[in-house]
Amino acid sequence: MPTEPAAPEQQLLPGVRYRPETRQRLVPHTVDGKTRMIEEDYEAMVPVPPRDWDQAVTTAVTIAAALLVAVAVVWSVASIGDLLARAVVAPIAYLAAGAFALAWVVCMALEWLARYDPARAAGPRTAGNWALAVDMAIVAAHGWVEEALYVGLAGAAVSAVGKGMWSTVMRHQARPLPVRTQKWLQDEEAEIAARLALGARTRHLARIEGQAAVYAPPTPTALTQDSDRDTAGQLSPTVLSAVRAVLATLPDLSHDDVLTHLDQLGLAYDETAVLAVLDNEQDSQDSRSGAGLSRVVPPTQTVTESVRTALSSGVRDKGSVVSYVHQIHGSGVPRATIVRLFNRELEKSA
């Protein structure tokens with residue numbers, strides 16, 4: 001047989017007002033000797049706290065101040081709009097009039113947001129006072145134009161009363177922070193703002209880097225070089241002497257043959273620097289011999305396309321492909337780059 005637990009009795013204190021409230025709780029329930037925890041609704045008497053009259057008065061004052069600001073905005077828009085409607089059509093005049101009233105309202109909102117930082121709140125407060133002065137002056141000018149200056153002055157006073165009441169409410173609700181706490185809060189906000197700025201700039205750099213990769217790809221001579229044998233930097237005196245000795249002994253050798261001799265000697269060299277020395281020697285020989293002809297490079301053919309052309313022609317010798325690319329693009333293309341492209345394209349075609 002199922003069993004039901006007895007509901008506990010709640011002790012009520014005398015002199016305290018209570019209100020019933022439906023709550024849930026887990027209770028054991030046994031059926032045929034098997035017990036489970038099930039959810040059960042029950043009514044509890046909850047004490048009703050006494051009315052917070054301070055909070056009620058604060059809320060009422062805040063609502064009254066907001067209503068005064070709304071009345072001041074409506075009066076300013078009506079007066080300034082009627083004044084501007086003498087020169088432009090009414091819809092445009094009243095839209096422009098709203099700018100004068102909303103200016104000091106926006107400044108009050110910014111002042112409220114910066115209530116924990118007096119230095120930041122000073123700027124919106126000053127700007128709001130100037131905007132209010134301009135608004136009041138134009139409202140008074142409208143009364144003067146209508147030959148009812150007293151009405152204009154009363155309307156200007158409405159704006160002053162509205163802003164004054166709201167400023168009083170803000171000062172009442174503001175909770176000034178200690179100087180050290182203000183500085184701690186400023187440092188914390190600065191650190192968070194720095195992280196946000198860094199994230200924004202990082203996204204910007206990533207975006208322009210992607211654009212550069214699409215619209216300004218690197219030139220073939222700027223490709224990454226293989227570095228299993230090369231040593232970055234200028235040629236050492238030993239390598240430079242070896243290059244000049246090879247050129248002096250065998251002046252008709254090609255650049256690739258010179259690199260082969262250096263490999264056989266077991267020297268660690270910078271291929272780009274070696275090719276630069278060979279080009280200088282070749283330019284010196286050409287200037288002495290009077291040969292001023294320059295090579296014509298196909299304007300639309302890249303180093304990769306030249307390597308593919310050589311492979312499609314059945315050339316599988318690495319040295320022949322290097323010589324072919326140098327004939328097309330010149331010896332300024334590093335041999336290591338051509339070899340890397342040769343190996344990659346050969347793997348693709350396999």
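These are my notebook entries on one predicted protein model.

**Ground rules**

I number residues from 1 along each chain as its sequence is written.

**Overall make-up**

I looked up the secondary structure first. The protein has eleven helices and two strands. I take both as DSSP runs, numbered from the N terminus: helices are H or I with at least four residues, strands are E with at least two. Along the sequence I read β-β-α-α-α-α-α-α-α-α-α-α-α.

Next I checked burial. Of 350 residues, 26% count as buried. Buried means under 20% relative accessible area, exposed means over 50%, and partly exposed lies in between (1.4 Å probe, protein chains only). I get an accessible surface of about 23400 Å² for the protein, and 61% of it belongs to carbon and sulfur atoms. That area comes from the Shrake-Rupley method with a 1.4 Å probe.

Then I looked at contacts (heavy atoms within 4.5 Å). Among those with a separation of 6 or more, 64% join residues 24 or more positions apart.

**Two positive phi angles**

Asp32 is not a glycine, yet its phi is positive, about 55°. I find Asp32 in the loop between strand S1 (18–31) and strand S2 (34–47). Its relative accessible area is 70%, so Asp32 is exposed.

Glu147 is not a glycine either, and its phi is about 60°. This residue sits in the loop between helix H3 (118–145) and helix H4 (149–173). Glu147 counts as exposed because its relative accessibility is 75%.

**Helices H10 and H11**

How do H10 and H11 pack? Helix H10 (residues 318–329) meets helix H11 (residues 335–349) at an angle of about 120°, with the axes 10 Å apart. That makes H10 oblique to H11. Oblique is what remains after under 35 degrees (roughly parallel), over 145 (roughly antiparallel) and 65 to 115 (roughly perpendicular).

Which residues meet? From H10 I list Lys318, Val321, Val322, Val325 and His326. From H11 I list Arg335, Ile338, Val339, Phe342 and Asn343. These contact residues divide into six nonpolar, two polar and two charged. Here Ala, Val, Leu, Ile, Met, Phe, Trp, Tyr, Cys and Pro are nonpolar, Asp, Glu, Lys and Arg are charged, and the others, Gly among them, are polar.

Note on methods: Predicted model: local features only at pLDDT ≥ 70, side-chain atom pairs only at ≥ 80, totals over all residues. Heavy atoms only, no water. Axes fitted to C-alpha atoms, helices over the stretch in contact; angles between N-to-C directions.
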